[in-house]
Amino acid sequence: QVQLVESGGGLVQAGGSLRLSCAASGSIFSFSAMGWYRQAPGKQRELVVSITSGGSPNYADSVKGRFTFARDSAKNTVYLQMASLKPEDTAVYYCYADSSDGPIVLKRYWGQGTQVTVFS
């Protein structure tokens, strides 16, 4: 059973930075895609960044230039480095990983979520 364990959320002042981590129970390159979503109170879950195996990160327009996706295969961990944070970035952040058969996603795994709160 795949597990994704997130850490790194917290309370930060606007303009500050945080780094979220997502540790996988297996090799991150066994997944066809990984990324991060977020969900603010009363809003739908939105995609923050996604990356396919061997591809480049695709960022939501709202975070381009401020957020950076990174991965450490030796640690089976992916990261979301967040800079120039704004109050509207406040949300629960979830990492995900897809297991696919060709173009078909067989299963999507989710982390437990980590709260990010940005105050002005």
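What you see is a predicted model, so local features need pLDDT of at least 70, side-chain atom pairs count only at pLDDT 80 or more, and totals for chains, interfaces and linings use all residues. Residues are numbered from 1 along each chain as its sequence is written, and side-chain values use heavy atoms, with hydrogens and water left out.

Let's start with empty space. Rolling a probe the size of a water molecule over the atoms shows where such space is left. A cavity here is a set of points, on a 1 Å grid over the protein atoms alone, where a 1.4 Å probe fits but cannot get out, and its lining residues have an atom within 4 Å of a point. The volume is the space filled by probe spheres set on the points, which are joined across faces, edges and corners.

How many cavities of 30 Å³ or more does a search of the whole structure find? The search finds one, and the volume of this largest cavity is about 70 Å³. Its lining is made up of Ile 28, Phe 29, Phe 31, Ser 32, Ala 33, Met 34, Ile 51, Thr 52, Ser 53, Arg 71 and Val 78. Two elements give two or more residues to that lining, strand E4 (33–39) and strand E5 (46–52); strands are DSSP runs of at least two E residues, numbered from the N terminus. By class, the lining has seven nonpolar, three polar and one charged residues, where Ala, Val, Leu, Ile, Met, Phe, Trp, Tyr, Cys and Pro count as nonpolar, Asp, Glu, Lys and Arg as charged, and the others, Gly among them, as polar.

Phe 29 is found in the loop between E3 and E4. At 45% relative accessibility, Phe 29 is partly exposed, because that class falls between buried, under 20% relative accessible area, and exposed, over 50% (1.4 Å probe, protein chains only). Not counting residues up to four places away in sequence, Phe 29 touches Arg 71 and Ser 73, contact meaning heavy atoms within 4.5 Å.

Now for the core. In soluble globular proteins, nonpolar side chains tend to be buried together. A nonpolar core is a set of buried Ala, Val, Leu, Ile, Met, Phe, Trp, Tyr and Cys residues joined through side-chain atoms within 4.5 Å. The largest one has 29 residues, and Trp 36, Val 48, Phe 67, Leu 80, Met 82 and Tyr 93 have the most contacts inside it. Elements giving two or more residues to this core include strand E3 (18–24), strand E7 (67–72) and strand E9 (91–101). Beyond its neighbours within four places in sequence, Val 48 is in contact with residues including Trp 36, Phe 67, Leu 80 and Tyr 93.

Is Asp 98 buried or exposed? Asp 98 is buried, at a relative accessible area of 3%, and sits in strand E9. Its side chain has a polar contact of 2.7 Å with the side chain of Arg 108. A polar contact is a pair of N or O atoms within 3.5 Å; within protein, one must be able to donate a hydrogen and the other to accept it, and residues adjacent in sequence count only if both atoms are side-chain atoms.

Last stop, the loops. Asn 76, in the loop between E7 and E8, has a positive phi of about 50° although it is not a glycine. Ser 84, in the loop between E8 and E9, also has a positive phi of about 50°.

Note on methods:
On a 1 Å grid over the protein atoms alone, a cavity is a set of points where a 1.4 Å probe fits but cannot get out, and a pocket is an open set with protein on both sides within 12 Å along at least five of seven lines; lining residues have an atom within 4 Å of a point. Helices (H or I, at least four residues) and strands (E, at least two) are DSSP runs, numbered from the N terminus.
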